[in-house]
Structures are given as C-alpha cells and as structure tokens.
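Dear colleague,

Please find the structure below, handed over for your study. The findings follow after it.

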Amino acid sequence: MGSTLCEHCTAVCCRYLALPLDDPAKARDYDDMRWYLMHEGVTVFVEDGDWYIQYQARCKNLGADSLCRIYDIRPKTCREYGPGSCDYAGGSYGYDHLFTHPKQIEEYYHQKTGKKLDTLTEPGPPRRPRPPKKKKSA
Ligand code: SF4
Ligand code: SF4
C-alpha cells in the first residue's frame, strides 16, 4: 500500500463495511436496529451525530498477505481512506454511541423516551423450523 504503517497492519480497514442509516425517528426504526443487532458480525454506531450499520466482512480482494490485490483499480472509498486517522492508527474512533447487542438499543430507547421498546410489538406465533426435504428415490 506504499505506507509503512499499512505494512505493519493486517488491513483492519478491509475487513468490514459501514453504511449510513437514516436517523431513527420512530419506535419501529429502533426496533429494526434491534433486529440488525440480532445478526452476527453486525454493529450499529453513531459518529458525529450520524447513524451507521457496520458488517464484519472481509473484502474479497484482500490477499493472504493483507495486501490489496486490485490496488491500482481499488474503489474510491478505499482511496479516500488512509493511515492518517484510520482504524489502526487511530484505535477507537470515539463513537458517540456503539451498539453491539439488541439490549443496548432497548436501553438507549428507554433512556430517550421513557418507553420500553420490547413491549411495543405483539409477540407472534413462534416460528417452527422447516421439516427437512425428502430425498427423491432414484
Ligand atoms: S489504512 Fe490503517 S487500517 Fe487500513 S491498512 Fe493502512 S494502517 Fe491498516
Ligand atoms: S478493494 Fe482493496 S483496499 Fe479496498 S477494501 Fe478491498 S482489499 Fe481493501
């Protein structure tokens, strides 16, 4: 990557992607976030007042040596990101909020509104696992 710092890093920045979320306005928005956080490798964070969802996902272009295999044609997002204040150099980003578990969203909502998020939705019937498909006999 042409940077001494990057040569010492295992490409932390190439192992996730973060996308902006609309600011939550309704209980349903918070409930959706609660659902996001029920999935492995998903976190939600607030930075400078803006909400994001983050997925742990290794870029397919990252080589086993932690170097980009398409460096010369890498996307603009990658070009705009550098070792100045990155995950490796900067450590923690100093999030306004970081949510890693649905309970944290429930607590946040409760603090903000005084209401309980988990009682806003009617419990539906429990989902049953689908029975395995029968194999066709030859
Ligand atoms: S920009 Fe930062 S996180 Fe990304 S590879 Fe370089 S040192 Fe590592
Ligand atoms: S394209 Fe290259 S620089 Fe961009 S995330 Fe993937 S491995 Fe990293």
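**Strand pairing**

Strand β2 (residues 42–47) and strand β3 (residues 50–56) run antiparallel and are joined by six bridges. Strands here are DSSP runs of E with at least two residues, helices are runs of H or I with at least four residues, and both are numbered from the N terminus; two strands pair if DSSP finds at least two bridges between them. This is a predicted model, in which local features need pLDDT of at least 70 and side-chain atom pairs count only at pLDDT 80 or more, while totals for chains, interfaces and linings use all residues. Residues are numbered from 1 along each chain as its sequence is written, and chains are lettered from A and ligands numbered from 1 in the order in which they are written.

Thr-43 has Gln-54 in β3 as its bridge partner. The two strands β2 and β3 make a hairpin with two residues between them, and Asp-48 in the turn has a positive phi of about 50°. β2 also pairs with strand β4 (residues 97–99), again in the antiparallel sense, over three bridges. There, Phe-45 stands opposite Leu-98 in β4.

**The ligands**

A residue counts as near a molecule if its C-beta atom, placed from the backbone, lies within 6 Å of it. Around ligand 1 there are 15 residues, of which Cys-6, Cys-9, Cys-13, Cys-86 and Tyr-88 come nearest. Helix α4 (87–90) and helix α1 (4–8) each supply at least two residues of this shell, and the largest share, three residues, comes from α4. The surroundings of ligand 2 include Cys-14, Cys-59, Cys-68 and Cys-78.

Yours sincerely
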